[in-house]
Amino acid sequence: MATAPSVQRPRFNPSNSSGVSDVHRLHHDVLSLCNSDSNPLHLRFQSLVSCPAGVPLELFEAAVSQLIHHPEYNSTLILRSETISDSDTTIPTSAPCLEGYHAVRNVHRKLLPRRPGRDSGLEQHCTLYAFETGEFAGLPSMLVLTPLVPEGESLPYYHPTVSHLAFRFIPSSITTTSDSASAQSALRIEVIPLPGTPIDPNSRLYRTALALLDTLHRYLWGAFTHYQKRVQHDVLIPREIYQDVYLKMRERHKGIVNTWRETTDPLKHVFEDIGIATFLMLFWKDMFAASADLADVKELDDSRWPSWPRPSGGFLDLGCGNGLLTHILSAEGYSGYGIDLRARTSWAHYPDSSRAALKVHALDPTQFLSPDNSNNEEKSLWKPGVFLIGNHADELTPWLPVLATLTGASGYLSIPCCAWMFDERFTRSSAASALDFSDNESLDAAAGVVSSEAEDDAVFISSLGMGAEGTHKSQYSAYRIWLARLSRWLGWKIECDTLRIPSTRNWAIVGRERLPGDQKIFVDRARRIVEDVARRGTFKARTPEGKEHGRVSRH
């Protein structure tokens, strides 16, 4: 993996460039439009704000590509953009003709609002330009955004009131100061505002331009230092598909906010569990489908949801707490149960079908050493092919891959929060002595399983999708790495994603595919864990109605 140079992004130092007060004293003129029918001469770009660039022009295209494909990073009112076309040969007539530049690429996109009932979508041309002549001829150095507003309509609120907005990279060789030795490249935002739009430093347009310039400056320095994203999203479910289904799910279940019975924040918990339910529905659809059809738009219509593939043994939400996730899944027609040590206030206010799916039940992992002793309730919960869910399950978190292995579950989803091992809090020292993952070496020849200890550590951690968080510096990062090693040691192919939910604990590890080889080896390992915990005698199954966040009790 490439490492970043030991250089920090310089301080963002913008200045008002709307007139001669521009401290950078850019000699290169403000953009001028060519004289054509589509570009009348009375229109002229106006410079708003500029700052030093400090990076090579060659990085400009990579940086503005982020702006083109991820407008949601700059506005909470935008959900995402969808590319309609991308061409380096066909440039639309609505793209401005600019003196000294020629268009080299045009991306036609549609901006999708986060609240479709309030804001409308908007199509937009994103046109890249390069200098026609000189040292930098042919290199993209400017991006111009052109909104396409249907006749009789107006721009949505989230879009600046402009007919064109330009991001310019002005190389140092064409900027001058009183001291040519101190000349430096610059970034500048220029616009053609709609009539009556103020552009003073207190105006909304100026503030928007300032924020956009900051974003461009950050993207350029990210490209320069080989920036690694903090986390990796949308690894298992494509972003567009998830967002489209989530918007429908939000409309169907948002009323729960107004009837929330718990003392916790409904805005966080309701929309978080709607997001997890959306992810699970799409994940199961992909996991249990006869063929991959996630991209089938017709299949995403909510009228088709009842026919989506799902786990044959239903789901089992371990430590379900307020029961909301179980309720949402049940309301959408998914069979399964949520268990916890005590009923919550919310349980009594859910519909009959959801109340029937919520069980007061104390989980005792040692029962799986003698499955023949299970009672009828246990057997109804642990059906063949059940899919396990651990949503911030605390003490139960490390047990998910263990129980999934012992019971022959179809898979599991774990979203870890508090760092727990099997019978004690997680620490680096306790984790180091708890299990020896190195005995994977015995499987190499027979099963083709590569020992996780023999792998390059950086490669292994990179595979977990934690991005820049994938270090050993924090306890939480170390815990997630330990959970991944545990899952792999128990025979699960590691798959991870960062869910789009309103929680800082949104990293998930899932198991849906077993590693090749003798499965008895993995089952024996899971049994060994349970036996060792039982032998230590540091916990026993607690009777129902324990503390709200407890799952087991320790001596």
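A cavity is a set of grid points where a 1.4 Å probe fits but cannot get out. The legends below describe close-up views of a predicted model.

**View 1. Cavities in the predicted model.** A search of the whole structure turns up 3 cavities of 30 Å³ or more. The volume of the largest cavity is about 80 Å³. Its lining consists of Asp234, Ile237, Tyr242, Phe279, Asp497, Thr498, Leu499 and Arg500. Sorted by class, this lining has 4 nonpolar, 1 polar and 3 charged residues.

**View 2. Helices H3 and H4.** Helix H3 covers residues 239–253 and helix H4 covers residues 266–287. The two pack at an angle of about 130 degrees, and their axes are 9 Å apart. H3 and H4 are therefore oblique to each other. Their crossing is right-handed. On the H3 side, the contact is made by Ile241, Tyr242, Val245, Tyr246, Met249, Arg250 and His253. On the H4 side, it is made by Val270, Phe271, Ile274, Gly275, Ala277, Thr278, Phe279, Met281 and Leu282. By class, the contact of H3 with H4 has 12 nonpolar, 3 polar and 1 charged residues. Tyr242 of H3 and Phe279 of H4 take part in this contact, and Tyr242 and Phe279 also line the largest cavity of View 1.

**View 3. Helices H4 and H5.** Helix H5 covers residues 324–331 and packs against H4 at an angle of about 50 degrees. The axes of H4 and H5 are 9 Å apart. H4 and H5 are therefore oblique to each other. H4 passes H5 in a right-handed crossing. From H4, the residues that meet H5 are His269, Val270, Asp273, Ile274, Ile276, Ala277, Leu280, Met281 and Trp284. From H5, Leu324, Leu325, Ile328 and Leu329 take part. By class, the contact of H4 with H5 has 11 nonpolar, 1 polar and 1 charged residues.

**View 4. Helices H1 and H2.** Helix H1 is made of residues 60–69 and helix H2 of residues 204–224. Their axes come within 9 Å and cross at roughly 130 degrees. That makes H1 oblique to H2. The crossing of these helices is right-handed. In H1, Phe60, Ala63, Val64, Gln66 and Leu67 form the contact, and in H2 the partners are Thr215, Leu216, Tyr219 and Leu220. By class, the contact of H1 with H2 has 7 nonpolar, 2 polar and no charged residues.

Terms used. Residues numbered from 1 in each chain as written. Predicted model: local features only at pLDDT ≥ 70, side-chain atom pairs only at ≥ 80, totals over all residues. Heavy atoms only, no water. Axes fitted to C-alpha atoms, helices over the stretch in contact; angles between N-to-C directions. Helix = DSSP H or I, 4+ residues; strand = E, 2+ residues; numbered from the N terminus. Parallel < 35°, antiparallel > 145°, perpendicular 65-115°, else oblique. Left-handed = near helix turned anticlockwise from the far one by under 90°. Contact = heavy atoms within 4.5 Å. Nonpolar A, V, L, I, M, F, W, Y, C, P; charged D, E, K, R; others polar. 1 Å grid on protein atoms, 1.4 Å probe; cavity = no way out; pocket = protein on both sides within 12 Å on 5 of 7 lines; lining within 4 Å. Points joined across faces, edges and corners; volume = space filled by probe spheres on them.
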